[in-house]
Amino acid sequence: MSTMINKDIRESLPEEAIVFDNPSYDNSILGVTDDNRIVYNYDSMIEELMSDENMNYEDAADFVSYNTVRALGYFSKENKPIVVYPI
C-alpha cells in the first residue's frame, strides 16, 4: 500500500501550490506548471485508489469525479490543481 504521504514528492513541490489531501494521489502527480499548479493524472488517481483503498474501478472513478474533480470549483483559481485525462 502506498497510502503514506510521499514526502519526497511533497517536499519538491512549490510551497504555494495546492496539493490534494488524499495521500493516494501523490503518485499521480505528473508535474508542476510554470505558475505553480500541480498537474495530476486522472487515470492514475483511480488506479491508486483501487490499489490503496481496495476499491473497484467504478467506485474509485466515482470517488475521484465526485470528491475531487467536482471540488476544484471551490479552490482559488490561481493555484488550483489541474487534472488531466489521458487520451
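This is a predicted model: local features need pLDDT of at least 70, side-chain atom pairs count only at pLDDT 80 or more; totals for chains, interfaces and linings use all residues.
V32 stands opposite I38 of strand β2. In general, the strands of a sheet are joined through backbone hydrogen bonds, in either a parallel or an antiparallel sense.

The sheet as a whole is open and holds 3 strands in the order β1-β2-β3, with mixed pairing. Its edges are taken by β1 (29-32) and β3 (82-84); each of these has a single partner strand, so one side of each remains without a neighbour in the sheet. From one strand to the next, the twist averages 25 degrees. Helix α2 packs on this sheet, where it touches both β2 and β3. The direction of α2 makes about 65 degrees with that of β2.

Helix α2 spans residues 42-52, and D52 belongs to it. Is D52 buried or exposed? The relative accessibility of D52 is 2%, and because the cut-off for a buried residue is under 20%, D52 counts as buried. The side chain of D52 also has a partner: a polar contact of 2.9 Å links it to the side chain of S24.

Stepping back to the whole chain, there are 3 helices and 3 strands, and along the sequence these elements follow the pattern α-β-β-α-α-β. How compact is the resulting chain? The radius of gyration is 12 Å, close to the 12 Å that the globule rule gives for 87 residues, so the chain is as compact as a globular protein of that length. Taken along the principal axes, the box filled by the C-alpha atoms is roughly 35 × 25 × 25 Å.

A few totals for the chain complete the picture. Of the 87 residues, 34% are buried, and D52 of helix α2 is one of the buried residues. Among contacts with a separation of 6 or more, 43% come from residues 24 or more positions apart. The accessible surface of the chain amounts to about 5,500 Å², and carbon and sulfur atoms account for 50% of that surface.

Technical notes:
Residues are numbered from 1 along each chain as its sequence is written. Side-chain values use heavy atoms; hydrogens and water are left out. Helices (H or I, at least four residues) and strands (E, at least two) are DSSP runs, numbered from the N terminus. Buried means under 20% relative accessible area, exposed over 50%, partly exposed in between (1.4 Å probe, protein chains only). A polar contact is a pair of N or O atoms within 3.5 Å; within protein, one must be able to donate a hydrogen and the other to accept it, and residues adjacent in sequence count only if both atoms are side-chain atoms. Two strands pair if DSSP finds at least two bridges between them. Axes are lines fitted to C-alpha atoms, for helices over the stretch in contact, and angles run from 0 to 180 degrees between N-to-C directions. Contact means heavy atoms within 4.5 Å. The radius of gyration is taken over C-alpha atoms; the globule rule is 2.2 Å times the number of residues to the power 0.38. Accessible areas come from the Shrake-Rupley method with a 1.4 Å probe; for residues, only the protein chains shown count as cover.
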